[in-house]
Amino acid sequence: MNEQTNIKVEEVDAATPPPKARVEDAGHRPDYLEGFLSQKPEPVTAGEPGGDVYEGVIASLKEIYDPEIPVNIYDLGLIYGVDIEADAHVVVTMTLTTPHCPVAESMPGEVEMRVGAVPGVGSAEVNLVWDPPWDPQKMSDEAKLELGML
């Protein structure tokens, strides 16, 4: 602990400022966003998310409510997938809250009818699946808020 340090202190009245960055051509400022903002987004086909038919199908699914829970089936998390094929054939993969749901026989038919009525849809098909099973974690935040779960 008896080490000596060789620290020298020098007092000065002023220091020279560091040099400023210089741009060679003061009249030209590079536009780093040049080309980026002028690019147009690639068009979305009607059957992709963001397309008219896809968004129409989602809107129609949001109009169907579970009779026991005051939340639409889309926000309830019962819709596992919406696939739109090239010939405007829509396949909806969905489940129900339980296999013993009182609307187990009528709900898939209602979904098929509502989706088939969306403009641009050629035909609709509903696949009712039980795996993976539905659980409350599949609900949207809006649905959880509506049911007082948030």
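1. A residue is called exposed when its relative accessible area is over 50%. Leu 145, at 58% relative accessibility, therefore counts as exposed, and this residue is found in helix 3. The model discussed in this note is a predicted one, which should be kept in mind while reading each of the points below. Along the chain Leu 145 is 33 residues apart from Glu 112, and the C-alpha atoms of the two are separated by 28 Å.

2. Phe 36 can be read with the same cut-off, because its relative accessible area of 55% makes Phe 36 exposed. Phe 36 is found in the segment before helix 1. Between Phe 36 and Asp 141 there are 34 Å in space, taken from C-alpha to C-alpha, and the two are 105 residues apart in sequence.

3. The next point is about a pair of helices. Two packed helices are described by the angle between their axes and the distance between the axes. Here helix 1, which covers residues 52-61, and helix 2, which covers residues 107-116, have axes that come within 9 Å and cross at roughly 140°. The two helices are therefore oblique to each other, and the crossing in which helix 1 passes helix 2 is right-handed. On the side of helix 1 the contact is made by Val 57, Ser 60 and Leu 61, while Val 111, Arg 114 and Val 115 make it on the side of helix 2. Sorted by class, the residues of this contact are four nonpolar, one polar and one charged.

4. Arg 114, which is found in helix 2, deserves a paragraph of its own. Is Arg 114 buried, partly exposed or exposed? Its relative accessibility is 29%, so Arg 114 counts as partly exposed. If residues up to four places away in sequence are not counted, Arg 114 touches Ser 60, Glu 63 and Ile 64. Arg 114 and Ala 59 are 10.0 Å apart in space, C-alpha to C-alpha, although 55 residues apart in sequence.

5. In soluble globular proteins, nonpolar side chains tend to be buried together. In this model the largest nonpolar core has 29 residues, and those that touch the most other members are Val 57, Leu 61, Val 82 and Val 111. Two or more residues are given to this core by each of helix 1, strand 1 (79-84), strand 2 (89-94), helix 2 and strand 3 (123-128). Helix 1 gives the most, with five residues.

6. Which residues are in contact with Val 82, leaving aside its neighbours within four places in sequence? They are Tyr 54, Val 57, Ile 58, Leu 61, Val 90 and Val 91. Gly 81 lies in strand 1, and, with neighbours within four places in sequence again left aside, Gly 81 is in contact with Val 91, Val 92 and Thr 93. The C-alpha atoms of Gly 81 and Met 94 are separated by 6.9 Å, and these two residues are 13 residues apart along the chain.

7. The last point concerns two details of the backbone that a reader may wish to look at in the structure. Most residues other than glycine have a negative phi, and most peptide bonds are trans. Ala 88, however, has a positive phi, near 65°, and is found in the loop between strand 1 and strand 2. The peptide bond that joins Asp 131 and Pro 132 is cis, with omega about 5°. Pro 132 has its place in the loop between strand 3 and helix 3, the latter covering residues 141-146.

Conventions
Residues numbered from 1 in each chain as written. Predicted model: local features only at pLDDT ≥ 70, side-chain atom pairs only at ≥ 80, totals over all residues. Heavy atoms only, no water. Axes fitted to C-alpha atoms, helices over the stretch in contact; angles between N-to-C directions. Helix = DSSP H or I, 4+ residues; strand = E, 2+ residues; numbered from the N terminus. Parallel < 35°, antiparallel > 145°, perpendicular 65-115°, else oblique. Left-handed = near helix turned anticlockwise from the far one by under 90°. Contact = heavy atoms within 4.5 Å. Nonpolar A, V, L, I, M, F, W, Y, C, P; charged D, E, K, R; others polar. Core = buried A, V, L, I, M, F, W, Y, C linked by side-chain atoms within 4.5 Å. Buried < 20%, exposed > 50% of the residue type's maximum accessible area, 1.4 Å probe, protein only.
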